[in-house]
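Here are some notes for a first look at this model. Please keep the structure open while reading.

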Amino acid sequence: MRLTLSLFLLLMVAPGSTFAQSNKVSFYFSAHPDDWQLFMGVNAFKDIEAASSSNNARVVFIYTTAGEANCYGGTTVNKRYYLARQEGANRSVQFCSDIYSPHADWSTGSVMIPGVTNHAILQLKYKNIVCYFLRLPDGCFEQTPNTMAKLANGLIASLTATDTSTTYYGYKDLVETVRNIVDYESSTLKDPEVWIQASDWDESVNPQDHPDHRQTGRLATEIAAKVGYANVALFEGYNTCNKPSNLAPEEVAMEASLHSQVAYGMTKNGYPTEWDPQSQCGHVEWTNKNYYRIFSTATTAKTATSLLKLNPNPAGNNINLAYEVTDGGPVTIVLYNMLGNKEATIVDEKKGTGVYTMSYDMTPFASGNYIIHGSIAGHLYTLKFTKL
Amino acid sequence: MRKIALILLLLALNQKGYSQYDRVSFYVVAHPDQWQLFMGLNASDDLSTPDDAIKSKVVFIYTTAGDQSCNGSPCNTPHYLARQEAAHTAIEFCSDRTRDHGQWHTSHDVVNGHTILKYNYNNAVSYCLRLPDGCNGNSLFKESLQSLHSGNSSISAIDSSATYHDWNDLITTVQQIMTNERSNIGDMYVNTADTDAVLNKGDDPDHIYTGLLCLNALDSMHHLTINLFREAIIASLPANTDDIAIAAKAALLSQMDYVRTENGMPSEWTPQNISYLSRNYLRTVTR
């Protein structure tokens with residue numbers, strides 16, 4: 001009966017399986033480094049399989065908080081703790097990906113992502129899997145003074161990452177920044193099917209969950225509504241502990257295998273395990289259930305609708321840029337290297353409505369990968385290209 | 001005065017062979033990934049039992065190196081070292097659930113005149129005899145537990161650390177490891193592959209002959225519980241464990257697989273191994 005139910009759920013709603021062979025970009029919004037494994041693990045496992053087996057799929061993890069759990073009056077951010085959780089999360093990704101393709105090296109760097117202002121964000125890549133760590137403060141059930149929810153509700157004016165790498169000035173700044181990540185990663189495949197997975201923000205559907213989870217789900221849903229091309233699956237969290245199992249044995253194994261990597265990342269670094277099946281509603285009791293709903297489906301396809309276009313790519317010593325200003329306004333186009341350092345300002349002026357084309361001389365710049373960030377009368381675009 | 005009393009107490013305890021453990025569990029296996037897949041529930045519990053409940057020591061005896069130098073392929077040292085590291089990571093994962101993360105200590109014990117590689121980690125001890133992987137009779141080294149049992153030849157560790165002249169030599173060695181590790185611990189449990197050809201049909205000969213070796217070594221030992229595990233055949237038997245048990249074995253396989261793949265070996269997250277995760281079949285003999 002359990003298997004039947006599980007198959008039914010998979011056939012009906014599972015974005016992680018039904019479209020495993022499709023041209024898919026799958027986002028997992030995770031408030032803490034150990035959330036997606038426990039609550040969205042089966043879908044993520046199958047998406048990582050797809051991304052590791054071919055070049056036609058991509059998985060992107062967006063971790064909103066550092067998960068430092070610096071709660072109840074603590075004043076010093078425990079960097080070792082959140083790095084341990086981060087290591088555990090990365091172990092989950094690597095373990096799962098290496099099942100399907102040979103082991104590879106991780107690449108690590110800070111990338112500059114524009115929001116209202118520019119933000120340096122830690123990016124780790126493993127094969128076709130990309131992880132962004134925003135490292136916002138862990139809300140600790142709203143015990144800490146600065147949280148994502150407070151930023152969203154206008155109770156604080158700004159929010160600084162726990163590693164002080166950047167500050168978001170207003171919720172809009174955060175939304176636009178993460179939206180640009182979604183836009184950029186969705187542009188890496190041609191006409192992809194885009195899925196956004198996150199915690200359910202609706203307390204009536206997902207009661208008793210961590211406020212960071214719900215706020216991250218809210219952020220993800222708002223971004224999906226803005227871009228229009230993403231399907232959204234929203235997952236229940238803590239309260240599923242008391243719900244019946246709805247996974248097949250091999251799916252339980254998937255989720256448990258992912259969570260065990262998180263647990264090992266913690267204990268290896270001297271912290272208590274999160275492998276705690278004995279306690280009531282311990283983490284392991286979440287590994288045999290995933291409850292979620294499809295909140296919305298894409299209203300538009302993610303196609304080449306950018307108002308900023310670049311060719312050729314790869315490029316020689318010249319790149320051609322074309323952009324359309326639909327409603328007159330300021331235009332800035334900036335060239336960044338892959339470390340997020342600004343190399344040149346290509347355009348910075350007010351433009352009237354119209355289509356503009358231009359050529360830009362790349363001769364002074366070394367061969368390698370670059371990012372063009374464009375702000376076209378309020379629309380933000382990020383294009384990646386290679387100079388040969 | 002109190003110091004003198006304490007010293008006298010310690011001397012008395014030493015005289016009686018006092019052990020800090022209440023229970024010792026042995027896992028006598030052929031390959032580094034065997035106990036996790038077939039005996040993983042027992043091992044996981046034994047390794048993670050909190051000291052304030054029962055002080056539990058867990059001893060792993062790996063008979064072969066698990067080198068898989070089969071069908072003419074050369075001996076791949078990184079391969080068996082990766083498998084060994086994978087087994088160690090599985091031990092860490094379990095032991096660390098109820099203890100601080102520890103340090104591994106490596107030594108070479110001389111047992112019955114043979115030098116044997118030994119690792120200690122928290123409450124776990126591992127002996128690696130590193131005999132050749134039998135490869136169903138196709139070992140590069142032309143030696144196996146099965147051939148030793150048949151009386152055909154001696155057998156040497158693939159790292160040349162020891163040579164066992166006959167089956168009895170090997171039995172005596174394993175017996176002495178068990179005797180030393182048991183010391184005067186009251187509760188003793190032994191876990192190994194079932195040697196019954198019907199119950200454990202189709203198992204790897206290395207597993208079967210390691211099970212036989214274990215039972216032979218236990219011939220003169222008493223007051224113990226022996227768990228005999230059915231292995232490869234369980235893939236064809238009905239699933240018989242709950243989700244928490246599946247999770248426990250999945251965690252062990254996951255930990256091993258991470259190390260394997262990181263060392264360039266193919267994943268063992270295979271349908272066959274996954275089928276073992278929801279199955280646990282054993283019979284228990286007490287004497």
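Into which domains is chain A divided?

1. The model is a predicted one. Within it, chain A is split into domain 1, covering 2-296, and domain 2, covering 308-387.

2. Look next at the spacing of these two domains. Taken over C-alpha atoms, the centres of domain 1 and domain 2 of chain A are 31 Å apart.

3. The two domains do touch. On one side, 10 residues of domain 1 of chain A take part; they are in contact with 8 residues of domain 2 of chain A.

4. Which elements of chain A each supply at least two residues of the domain 1 side? They are strand 3 (107-114) and helix 6 (171-186). Strand 3 of chain A gives the largest share, with 5 residues.

5. Sort that side by residue class. Where domain 1 of chain A touches domain 2 of chain A, there are 5 nonpolar, 3 polar and 2 charged residues.

6. Now turn to the two chains. How many residues of chain B are in contact with chain A? The count is 24 for chain B, and they meet 25 residues of chain A.

7. Two helices of chain B deserve a look here. Helix 8 (243-262) and helix 9 (271-277) each provide at least two residues of the side of chain B that touches chain A. Helix 8 of chain B has the largest share of that side, at 13 residues.

8. The side of chain B that touches chain A holds 12 nonpolar, 7 polar and 5 charged residues.

Definitions and conventions. Residues are numbered from 1 along each chain as its sequence is written. Chains are lettered from A and ligands numbered from 1 in the order in which they are written. This is a predicted model: local features need pLDDT of at least 70, side-chain atom pairs count only at pLDDT 80 or more; totals for chains, interfaces and linings use all residues. Two residues are in contact if their C-beta atoms, placed from the backbone, lie within 7 Å. Helices (H or I, at least four residues) and strands (E, at least two) are DSSP runs, numbered from the N terminus. Ala, Val, Leu, Ile, Met, Phe, Trp, Tyr, Cys and Pro count as nonpolar, Asp, Glu, Lys and Arg as charged, and the others, Gly among them, as polar. Domain bounds come from an automatic or database domain assignment.
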